[in-house]
Every structure is written in structure tokens, then in C-alpha cells.
Amino acid sequence: MFTEQRKSERKVLRTRAKVAMEGEAPVTGRTSDIGANGASINLPDPLPVGQTGVVSFELLVDGKAVPISARSKALYCIFSGGEFKVGFQFLNLELNAMTAIARYLR
């Protein structure tokens, strides 16, 4: 039984993302949703739960593309629809990223 662990509302976000985990080559995926505390990203290969690194993507806020780059931790990795859905928790978000995400979620 999977219990909901998210602490904030999520909003659909479908955009390209780059995931650069520590000690690994960066990989490209697609975001599926975002919340104040994290994002879900679909990747071609699995990631170990608990691994940390940097997640980067762009948010469209008030008609402008805002680059987001956040230290993140992989909380779960589920095989779904031929790819891996990885849930990331943001770690110590910078103020400008936090502000852009809050505005996107409104």
C-alpha cells in the first residue's frame, strides 16, 4: 500500500529536466509535477533512493522562463509506463527558486 508522503499540493509541469546525481553523468528526463518541496521526474533509468544531486529545469512564470536548479534527494523510484518515475525532495532551495515555484503553484 503506497501512502501519500507529500507535504504540499502538486501542480502538473511537463518540461525537460536535467538530473545530475553525485558521481554520475547528467541524464535528461521530463518533469510530471511540482510542489513547493519537490518534483517528480520521469527518467530512462532507475536512481537509487536516498541519492542526492542537482535537478535543473525551467518554469514559465508570468510569461517568462525561469531557470531552477536545486539540490535534491531521490525519495522514491517507480517503474511506470516504460520509464522510471523518480520523486525528488528539494534541499535548501534558494530564495529566487522558492519564489518562482510559489508563483507557479498559485
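I looked up R103 and found it partly exposed, at a relative accessible area of 41%. My cut-offs: buried is under 20% relative accessible area, exposed is over 50%, and partly exposed lies in between (1.4 Å probe, protein chains only). The model is predicted, so I take local features at pLDDT of at least 70 and side-chain atom pairs at pLDDT 80 or more, while totals for chains, interfaces and linings use all residues. Residues are numbered from 1 along each chain as its sequence is written, and side-chain values use heavy atoms, without hydrogens and water.

**Salt bridges**

I searched the whole structure and got three salt bridges. The criterion is a side-chain nitrogen of Lys or Arg within 4 Å of a carboxyl oxygen of Asp or Glu.

R103 pairs with D62 at 2.2 Å, N to O. D62 sits in the loop between strand 5 and strand 6 and R103 in helix 1, so the bridge ties together parts 41 residues apart in sequence. Helices (H or I, at least four residues) and strands (E, at least two) are DSSP runs, numbered from the N terminus. D62 is exposed, at 56%.

R10 and D33 meet at 2.7 Å, N to O. R10 is in strand 1 and D33 in strand 3, so this pair joins parts 23 residues apart in sequence. I read R10 as partly exposed at 25%, whereas D33 is buried at 10%.

R71 and E22 meet at 3.0 Å, N to O. R71 is in strand 6 and E22 in the loop between strand 2 and strand 3, 49 residues apart.

**Core**

Next I checked the largest nonpolar core, which has 24 residues. Such a core is a set of buried Ala, Val, Leu, Ile, Met, Phe, Trp, Tyr and Cys residues joined through side-chain atoms within 4.5 Å. V19, I34, F57, L59, F88 and F90 have the most contacts inside it. Contact means heavy atoms within 4.5 Å. Leaving aside neighbours within four places in sequence, I34 has contacts that include F57, L59, F90, I101 and Y104.

**Helix 1**

Which residues of helix 1 are buried? I list A97, A100, I101 and Y104.

**T31**

T31 lies in strand 3, residues 27-35. I find T31 buried, at 1% relative accessibility. Its side chain reaches the backbone oxygen of L13 at 2.7 Å.

Technical notes:
A polar contact is a pair of N or O atoms within 3.5 Å; within protein, one must be able to donate a hydrogen and the other to accept it, and residues adjacent in sequence count only if both atoms are side-chain atoms.
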